[in-house]
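Have the picture open as you read.

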Amino acid sequence: VPPLAIADIESVKGQQLWAQSPAVALFVQRAQAVNPNFSLNNENVEAVTELCQRMDGLPLAIELAAYQVKYFSPQAMLTCISNNRLDFLSQGSKRMPPHQQTMRAMLDWSFDLLSPELRMLFCQLSVFPGGFTISEAQSICTVENVQQGLIALVDQSMLEQHPCGGDNPHFQMLTIVREYALKRLEGLNDLTIPLPAS
(Lines give C-alpha, C1' and ligand atoms only; values in the text may rest on other atoms or scores of the structure.)
Protein backbone atom coordinates (compact mmCIF):
# COMPACT_ATOMS: atom_id res chain seq x y z
CA VAL A 1 0.00 0.00 0.00
CA PRO A 2 1.60 3.32 -1.01
CA PRO A 3 2.07 6.12 1.54
CA LEU A 4 -0.86 8.48 2.08
CA ALA A 5 -0.61 12.19 1.35
CA ILE A 6 0.25 14.45 4.29
CA ALA A 7 0.09 18.23 4.35
CA ASP A 8 3.48 19.83 5.02
CA ILE A 9 3.44 21.62 8.38
CA GLU A 10 6.21 23.99 7.31
CA SER A 11 4.66 25.20 4.08
CA VAL A 12 0.96 24.78 4.86
CA LYS A 13 -0.01 27.01 7.77
CA GLY A 14 -3.74 26.26 7.82
CA GLN A 15 -4.70 23.64 10.39
CA GLN A 16 -7.83 22.89 8.37
CA LEU A 17 -5.63 21.77 5.47
CA TRP A 18 -3.60 19.49 7.75
CA ALA A 19 -6.83 17.93 9.01
CA GLN A 20 -7.98 17.21 5.45
CA SER A 21 -4.96 15.08 4.55
CA PRO A 22 -5.77 11.37 4.02
CA ALA A 23 -3.07 10.35 6.51
CA VAL A 24 -4.48 12.53 9.30
CA ALA A 25 -8.02 11.38 8.50
CA LEU A 26 -6.91 7.73 8.84
CA PHE A 27 -5.19 8.48 12.16
CA VAL A 28 -8.31 10.14 13.55
CA GLN A 29 -10.59 7.32 12.37
CA ARG A 30 -8.39 4.62 13.94
CA ALA A 31 -7.81 6.64 17.13
CA GLN A 32 -11.56 7.06 17.63
CA ALA A 33 -12.01 3.30 17.21
CA VAL A 34 -9.90 2.69 20.34
CA ASN A 35 -10.80 5.90 22.18
CA PRO A 36 -14.21 7.30 21.20
CA ASN A 37 -13.44 10.50 23.12
CA PHE A 38 -10.49 11.35 20.87
CA SER A 39 -11.01 14.32 18.57
CA LEU A 40 -8.79 16.41 16.37
CA ASN A 41 -8.52 19.94 17.74
CA ASN A 42 -6.30 23.02 17.73
CA GLU A 43 -4.17 21.57 20.53
CA ASN A 44 -3.28 18.29 18.81
CA VAL A 45 -3.66 18.79 15.04
CA GLU A 46 -0.02 19.77 14.58
CA ALA A 47 1.22 16.79 16.65
CA VAL A 48 -1.04 14.37 14.73
CA THR A 49 0.19 15.77 11.41
CA GLU A 50 3.81 15.41 12.50
CA LEU A 51 3.15 11.86 13.70
CA CYS A 52 1.78 10.97 10.27
CA GLN A 53 4.90 12.48 8.68
CA ARG A 54 7.14 10.51 11.04
CA MET A 55 5.21 7.37 10.04
CA ASP A 56 6.14 8.14 6.39
CA GLY A 57 2.42 8.21 5.58
CA LEU A 58 2.35 4.39 5.73
CA PRO A 59 -1.21 3.28 6.51
CA LEU A 60 -0.15 0.39 8.78
CA ALA A 61 2.30 2.59 10.72
CA ILE A 62 -0.38 5.28 11.11
CA GLU A 63 -2.90 2.70 12.35
CA LEU A 64 -0.39 1.32 14.87
CA ALA A 65 0.42 4.83 16.09
CA ALA A 66 -3.28 5.69 16.38
CA TYR A 67 -3.78 2.56 18.51
CA GLN A 68 -1.47 4.15 21.09
CA VAL A 69 -4.09 6.89 21.73
CA LYS A 70 -5.34 4.43 24.36
CA TYR A 71 -2.20 5.25 26.35
CA PHE A 72 -0.60 8.48 25.07
CA SER A 73 -1.56 11.89 23.75
CA PRO A 74 -0.27 12.67 20.22
CA GLN A 75 2.27 15.06 21.77
CA ALA A 76 3.56 12.30 24.09
CA MET A 77 3.77 9.90 21.16
CA LEU A 78 6.17 12.25 19.38
CA THR A 79 8.49 12.01 22.37
CA CYS A 80 8.18 8.21 22.48
CA ILE A 81 8.99 7.68 18.81
CA SER A 82 12.05 9.92 18.88
CA ASN A 83 14.05 7.01 20.32
CA ASN A 84 12.89 4.15 18.12
CA ARG A 85 9.89 4.07 15.82
CA LEU A 86 9.87 0.30 15.42
CA ASP A 87 9.81 -0.29 19.18
CA PHE A 88 7.00 2.24 19.61
CA LEU A 89 4.96 0.55 16.87
CA SER A 90 5.19 -2.81 18.61
CA GLN A 91 1.62 -2.98 19.87
CA GLY A 92 -1.47 -3.22 17.74
CA SER A 93 -4.88 -4.80 17.65
CA LYS A 94 -4.81 -8.58 18.05
CA ARG A 95 -7.70 -8.71 15.58
CA MET A 96 -5.26 -7.95 12.76
CA PRO A 97 -3.32 -10.75 11.00
CA PRO A 98 -0.12 -11.62 12.94
CA HIS A 99 2.18 -10.00 10.36
CA GLN A 100 0.24 -6.72 10.67
CA GLN A 101 0.14 -6.48 14.47
CA THR A 102 3.47 -4.62 14.64
CA MET A 103 5.55 -2.71 12.10
CA ARG A 104 8.53 -4.98 12.75
CA ALA A 105 6.39 -8.08 12.10
CA MET A 106 5.23 -6.60 8.79
CA LEU A 107 8.80 -5.80 7.76
CA ASP A 108 10.02 -9.25 8.90
CA TRP A 109 7.29 -10.83 6.78
CA SER A 110 8.23 -8.75 3.73
CA PHE A 111 11.96 -9.38 4.29
CA ASP A 112 11.43 -13.14 4.53
CA LEU A 113 9.72 -13.11 1.12
CA LEU A 114 12.92 -11.79 -0.50
CA SER A 115 15.57 -14.05 -2.01
CA PRO A 116 18.90 -14.19 -0.12
CA GLU A 117 20.50 -11.93 -2.75
CA LEU A 118 17.72 -9.33 -2.45
CA ARG A 119 17.98 -9.45 1.34
CA MET A 120 21.67 -8.65 1.05
CA LEU A 121 21.02 -5.79 -1.38
CA PHE A 122 18.23 -4.39 0.80
CA CYS A 123 20.52 -4.30 3.84
CA GLN A 124 23.43 -2.80 1.92
CA LEU A 125 21.26 0.02 0.56
CA SER A 126 20.43 1.14 4.09
CA VAL A 127 23.81 2.92 4.33
CA PHE A 128 22.42 5.70 2.13
CA PRO A 129 20.81 8.30 4.44
CA GLY A 130 19.04 9.91 1.49
CA GLY A 131 18.32 8.68 -1.98
CA PHE A 132 20.74 7.12 -4.42
CA THR A 133 21.17 6.35 -8.09
CA ILE A 134 21.87 2.99 -9.72
CA SER A 135 25.56 3.86 -10.14
CA GLU A 136 25.85 4.90 -6.48
CA ALA A 137 24.27 1.62 -5.42
CA GLN A 138 26.59 -0.32 -7.73
CA SER A 139 29.60 1.37 -6.13
CA ILE A 140 28.96 -0.24 -2.72
CA CYS A 141 26.68 -3.25 -3.23
CA THR A 142 28.09 -6.74 -3.69
CA VAL A 143 25.19 -8.50 -5.45
CA GLU A 144 25.63 -9.48 -9.08
CA ASN A 145 22.91 -7.45 -10.79
CA VAL A 146 22.19 -4.32 -8.75
CA GLN A 147 19.84 -2.74 -11.31
CA GLN A 148 17.64 -5.83 -11.50
CA GLY A 149 17.68 -6.02 -7.70
CA LEU A 150 16.56 -2.41 -7.34
CA ILE A 151 13.63 -3.05 -9.66
CA ALA A 152 12.65 -6.13 -7.65
CA LEU A 153 12.81 -4.18 -4.36
CA VAL A 154 10.58 -1.45 -5.83
CA ASP A 155 8.11 -4.16 -6.92
CA GLN A 156 8.18 -5.55 -3.36
CA SER A 157 7.54 -2.02 -1.93
CA MET A 158 10.85 -2.09 -0.04
CA LEU A 159 12.16 0.86 -2.10
CA GLU A 160 10.61 3.85 -3.81
CA GLN A 161 11.69 5.20 -7.18
CA HIS A 162 11.38 8.95 -7.65
CA PRO A 163 11.66 10.86 -10.92
CA CYS A 164 14.56 13.24 -11.08
CA GLY A 165 16.33 15.39 -13.64
CA GLY A 166 18.71 13.67 -16.02
CA ASP A 167 18.79 10.07 -17.09
CA ASN A 168 19.46 8.42 -13.72
CA PRO A 169 16.48 7.18 -11.74
CA HIS A 170 16.61 8.05 -8.03
CA PHE A 171 15.76 5.47 -5.36
CA GLN A 172 14.98 5.92 -1.68
CA MET A 173 13.93 3.91 1.37
CA LEU A 174 11.21 5.23 3.62
CA THR A 175 12.69 6.21 6.99
CA ILE A 176 11.01 3.39 8.95
CA VAL A 177 12.09 0.84 6.35
CA ARG A 178 15.67 2.16 6.44
CA GLU A 179 15.76 1.90 10.25
CA TYR A 180 14.73 -1.74 9.91
CA ALA A 181 17.28 -2.43 7.16
CA LEU A 182 20.08 -0.86 9.24
CA LYS A 183 19.24 -3.20 12.12
CA ARG A 184 19.31 -6.14 9.73
CA LEU A 185 22.65 -4.92 8.35
CA GLU A 186 24.13 -4.96 11.87
CA GLY A 187 23.32 -8.67 11.97
CA LEU A 188 25.43 -9.39 8.90
CA ASN A 189 28.68 -9.65 10.86
CA ASP A 190 30.80 -10.98 8.03
CA LEU A 191 29.89 -8.12 5.70
CA THR A 192 32.02 -5.06 5.20
CA ILE A 193 30.34 -2.30 3.23
CA PRO A 194 32.03 0.97 2.34
CA LEU A 195 30.02 4.03 3.29
CA PRO A 196 28.90 6.23 0.38
CA ALA A 197 30.90 9.39 -0.20
CA SER A 198 29.29 12.48 1.35
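Buried residues make up 41% of this chain of 198 residues. Keep in mind that what you see is a predicted model.

What is the chain built from? It has eleven helices and three strands. Going along the sequence, the pattern reads α-α-α-α-α-α-α-α-β-α-α-β-β-α. How much of the contact count comes from residues 24 or more positions apart? Among contacts with a separation of 6 or more, such residues account for 61%.

**The sheet**

The three strands form an open sheet in the order S1-S3-S2, and the pairing is antiparallel. S1 and S2 stand at the edges with a single partner strand each, so one side of each has no neighbour in the sheet. As a bit of background, strands of a sheet pair through backbone hydrogen bonds, either parallel or antiparallel. Here, S2 and S3 run antiparallel and are joined by three bridges. If you want a spot to look at, find His-162, which stands opposite His-170 in S3.

**Helix H8 and its cover**

Now turn to helix H8, which spans residues 116-125. Its buried residues are Leu-118, Leu-121, Phe-122, Cys-123, Gln-124 and Leu-125. What covers them? The cover includes strand S1 along with helices H7, H9, H10 and H11. In general, an α-helix has 3.6 residues a turn, so residues three or four places apart point the same way.

Thr-49 is found in helix H3, which covers residues 45-54. Its side chain reaches the backbone oxygen of Val-45 at 2.8 Å. Is Thr-49 buried or exposed? Thr-49 counts as buried, because its relative accessibility is 0% and the cut-off for buried is under 20%.

| Residue | Relative accessible area | State |
|---|---|---|
| Thr-49 | 0% | buried |
| Cys-52 | 1% | buried |
| Cys-80 | 27% | partly exposed |

With cysteines in view, how many disulfides does a search of the whole structure find? The search turns up zero. For reference, a disulfide is a covalent bond between the sulfur atoms of two cysteines.

Definitions and conventions:
Residues are numbered from 1 along each chain as its sequence is written. This is a predicted model: local features need pLDDT of at least 70, side-chain atom pairs count only at pLDDT 80 or more; totals for chains, interfaces and linings use all residues. Side-chain values use heavy atoms; hydrogens and water are left out. Buried means under 20% relative accessible area, exposed over 50%, partly exposed in between (1.4 Å probe, protein chains only). Helices (H or I, at least four residues) and strands (E, at least two) are DSSP runs, numbered from the N terminus. Contact means heavy atoms within 4.5 Å. A disulfide is a pair of cysteine sulfur atoms within 2.5 Å. Two strands pair if DSSP finds at least two bridges between them. A polar contact is a pair of N or O atoms within 3.5 Å; within protein, one must be able to donate a hydrogen and the other to accept it, and residues adjacent in sequence count only if both atoms are side-chain atoms.
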